[in-house]
Amino acid sequence: MKPLAFPPGEDETSPLKKWLSYVWPLTHHVQSDLSGTLEVSWVNGRKVLDSRNANYSYGSLQTILTYGLAHLDFSAEAPVLLLGLGGGSILRPLREAFRCTGPITAVEVDPVVIDLAHREFQVGDVPDLTIVQADAVAYVTQCTQRFGLVIVDVFVDDQVPPVFYALTFWERLASLLRPGGSVLFNAGLHRRHALRLEALIEGMHPRIQLQRHERVNGTNTLLLGKSVAPTE
Ligand SMILES: C[S@@+](CC[C@H](N)C(=O)[O-])C[C@H]1O[C@@H](n2cnc3c(N)ncnc32)[C@H](O)[C@@H]1O
């Protein structure tokens, strides 16, 4: 079914648009140098953000991240670090379903995505949220704060950039976690990364105990982990 075009930045609560989208998807495209063609669509009464080959926010991605959070144990008051903002679909579940009250820092490399997150998905309404435009690796390398929960959800289209599977990145990430802090890694859709993930689970043990969850929502692999406090 060919989607109908709709003008950008339209009112989130437009009842006509919601109703129409049950019958026919409504879409507009945005070009980004870093992310390629991005698509904002109304589908079945919900607005979603997609890249050319993947859902970025508010569709299956949100279901996958929510599954991960439901299987983690983290302090609701602790600061949260989100690497990969996209349209920010996990922010409201964090605040509402998981009752997180701590400050959230979201790191996003693509200024076009940050603009969409504000204009189309009103992330500015999320309380105590700081958005940093930066590369997630550079951010993690220079950050001195400690977090109770880190979500690694970094994709370019349907690929996780290889650096996010590397032990060097994870060693650095481990030092940003409070003792007992939790981590959720959305490790992608492709089984061919299985060996890299095995190496990561082994390499981070026992500092972070990572568990693999396969085919979450039928597609993605998640690594869920907890930072273990060093023994004296
Ligand atoms: C699947 S989306 C994130 C969805 C988001 N977590 C949510 O809650 O809806 C992946 C995001 O990672 C961003 N990204 C890709 N490479 C990055 C990098 N090196 N540093 C920071 N963000 C990056 C992309 O621009 C994209 O917005």
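# A guided tour of the predicted chain

The protein chain exposes about 11000 Å², of which carbon and sulfur atoms supply 56%; such accessible areas come from the Shrake-Rupley method with a 1.4 Å probe, and for residues only the protein chains shown count as cover. This is a predicted model, in which local features need pLDDT of at least 70 and side-chain atom pairs count only at pLDDT 80 or more, while totals for chains, interfaces and linings use all residues. Residues are numbered from 1 along each chain as its sequence is written, and side-chain values use heavy atoms, with hydrogens and water left out.

**The whole chain.** With the cartoon shown, there are seven helices and 12 strands in the protein chain, where helices (H or I, at least four residues) and strands (E, at least two) are DSSP runs numbered from the N terminus. Of the 232 residues, 51% count as buried, a term that means under 20% relative accessible area, with exposed meaning over 50% and partly exposed lying in between (1.4 Å probe, protein chains only). Among contacts (heavy atoms within 4.5 Å) between residues at least 6 apart in sequence, 64% join residues at least 24 apart.

**The nonpolar cores.** Next select Leu-83, Val-152, Trp-170, Leu-173, Val-183, Phe-185 and Leu-210, which touch the most other members among the 41 residues of the largest nonpolar core. A nonpolar core is a set of buried Ala, Val, Leu, Ile, Met, Phe, Trp, Tyr and Cys residues joined through side-chain atoms within 4.5 Å. This core draws at least three residues from each of domain 1 (4-57) and domain 2 (60-227), bounds that come from an automatic or database domain assignment. A second, separate core of 27 residues includes Phe-74, Cys-100, Ala-106 and Val-126. Returning to Phe-185, and leaving aside residues up to four places away in sequence, one finds that this side chain's residue touches Val-152, Val-160, Phe-164, Tyr-165, Trp-170, Leu-197, Leu-200, Thr-221, Leu-222 and Leu-223.

Select residues 167-174, helix H6, whose buried residues are Phe-169, Trp-170, Leu-173 and Ala-174. Seen down the axis of H6, these buried residues fall within an arc of 135 degrees, so they line one face of the helix; the arc is that of the directions from the helix axis to the C-beta atoms. They pack against strand S6 (80-83), H5, S9, strand S10 (177-186), helix H7 (194-204) and strand S11 (208-216). From Leu-173, move to Cys-143, which is 30 residues apart from Leu-173 in sequence and 9.5 Å apart in space, C-alpha to C-alpha. Cys-143 is found in the loop between helix H5 (136-142) and strand S9 (147-152), counts as buried at 6% relative accessibility, and touches Arg-172 and Leu-176, not counting residues up to four places away in sequence.

Select residues 111-119, helix H4, where the buried residues are Val-113, Ile-114, Leu-116 and Ala-117. Viewed down the axis of H4, these fall within an arc of 160 degrees, so they line one face of the helix. The buried residues of H4 pack against strand S2 (26-32), strand S3 (36-43), strand S4 (46-50), strand S7 (104-108) and strand S8 (129-133). Ser-35 lies in the loop between S2 and S3 and counts as buried at 13% relative accessibility.

Select Glu-120, in the loop between H4 and S8, which counts as buried at 0% relative accessibility and whose side chain makes a polar contact of 2.6 Å with that of Lys-47. Gln-122, found in the loop between H4 and S8, has a positive phi of about 50 degrees although it is not a glycine. Asp-128, which also lies in the loop between H4 and S8, has a positive phi of about 55 degrees without being a glycine, and at 48% relative accessibility Asp-128 counts as partly exposed.

**A last stop.** Finally, select His-205 and Pro-206, which are joined by a cis peptide bond with omega about 5 degrees; Pro-206 is found in the loop between H7 and S11.

Notes
A polar contact is a pair of N or O atoms within 3.5 Å; within protein, one must be able to donate a hydrogen and the other to accept it, and residues adjacent in sequence count only if both atoms are side-chain atoms.
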